[in-house]
Amino acid sequence: MTPPTTTVGTTGTAPGTAPTGRTLHDDPRFRELRRRFRRFAFPVTAAFLGWYLLYVLLCAYARDFMAREISGNINVALVFGLGQFAATFLTAWIYSRFADRRLDPLSAELRAAAERGEVAS
């Protein structure tokens, strides 16, 4: 059975329907949205993984350094371990602020244009 045919508008979608992923994917605003996300996500991910790898390597190969007491029963390893939690929450907070200011407005604009059928001419 063949699907029903419809009249296709100038944007490549039937009137009143959402655009196809390919059309949306080609929109310059979508490419800008992806570029902004990647310019933030890749460096932050690399920095966070580097920090985590440093912690793991120090725990494995610098035991004397990590066992050094800072105050009472608190040693360097404990501070670094708690620093991992702090880095996780800090990264999430920074990303939330970044997304609110740089990604969400463009995403909302793109979503509204897609719902109206006004995507990449």
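Me: Which residue forms a salt bridge with Glu32, the closest N and O atoms being 2.9 Å apart?

Reply: A salt bridge is a side-chain nitrogen of Lys or Arg within 4 Å of a carboxyl oxygen of Asp or Glu. Here the partner of Glu32 is Arg36, with the closest N and O atoms 2.9 Å apart. Please note that this is a predicted model: local features need pLDDT of at least 70, side-chain atom pairs count only at pLDDT 80 or more, and totals for chains, interfaces and linings use all residues. Residues are numbered from 1 along each chain as its sequence is written, and side-chain values use heavy atoms, with hydrogens and water left out.

Me: How many residues apart are Glu32 and Arg36 in helix α2?

Reply: Helices (H or I, at least four residues) and strands (E, at least two) are DSSP runs, numbered from the N terminus. Glu32 and Arg36 are four residues apart in helix α2, which means that about one helical turn separates them. Glu32 also forms a salt bridge with Arg35, whose closest N and O atoms are 2.7 Å apart.

Me: Is Arg36 buried or exposed?

Reply: Buried means under 20% relative accessible area, exposed over 50%, and partly exposed in between (1.4 Å probe, protein chains only). Arg36 has a relative accessible area of 18% and is therefore buried. Glu32, at 23%, counts as partly exposed, and Arg35, at 35%, is likewise placed in the partly exposed class.

Me: What does the side chain of Arg36 reach at 2.7 Å?

Reply: This is a polar contact (a pair of N or O atoms within 3.5 Å; within protein, one must be able to donate a hydrogen and the other to accept it, and residues adjacent in sequence count only if both atoms are side-chain atoms). The side chain of Arg36 reaches the backbone oxygen of Arg102 at 2.7 Å. Leaving aside residues up to four places away in sequence, Arg36 touches Phe98, Arg102, Leu103 and Leu106.

Me: How many salt bridges does the structure hold?

Reply: There are five salt bridges in the structure. One of them joins Glu109 to Arg29, with the closest N and O atoms 3.7 Å apart. Glu109 lies in helix α4 and Arg29 in helix α2, so this pair ties together parts that are 80 residues apart in sequence. Both are partly exposed, Glu109 with a relative accessible area of 41% and Arg29 with 23%. Asp27, Arg29 and Glu109 are linked in a network of salt bridges.

Me: How many aromatic pairs does the structure hold?

Reply: Rings of Phe, Tyr and Trp (its six-membered ring) pair if their centres lie within 6.5 Å; planes under 30 degrees apart count as stacked, over 60 as edge-to-face and the rest as tilted. The structure holds five such aromatic pairs. Phe40 and Tyr95 form a tilted one, 5.6 Å centre to centre with 45° between the planes. It links distant parts of the chain, given that Phe40 is in helix α2 (residues 28-61) and Tyr95 is in helix α4, 55 residues apart. Phe40 is buried, with a relative accessible area of 14%, whereas Tyr95 is partly exposed, with 32%. The ring centres of Trp51 and Phe80 lie 5.3 Å apart and their planes meet at 35°, so that pair is tilted. Trp51 belongs to helix α2 and Phe80 to helix α4, so the pair ties together parts 29 residues apart in sequence.

Me: Which residues form one aromatic cluster?

Reply: The cluster consists of Phe37, Phe40, Tyr95 and Phe98.

Me: Which residues form a nonpolar patch on the surface?

Reply: Patches are made of residues with over 30% relative accessible area and no salt bridge: like charges are joined within 9 Å, nonpolar side chains (Val, Leu, Ile, Met, Phe, Trp, Tyr) within 5 Å. Accessible areas come from the Shrake-Rupley method with a 1.4 Å probe; for residues, only the protein chains shown count as cover. In this case the patch contains Ile70, Ile74, Leu78, Val79, Leu82, Phe85 and Phe89, with about 710 Å² of accessible area together. Its largest share, five residues, comes from helix α4 (residues 76-116). Phe89 is in that helix and counts as exposed at 62% relative accessibility.

Me: What pattern does the chain follow along the sequence?

Reply: The chain has four helices and two strands, in the pattern α-α-α-β-β-α. Of its 121 residues, 25% count as buried.

Technical notes: Contact = heavy atoms within 4.5 Å.
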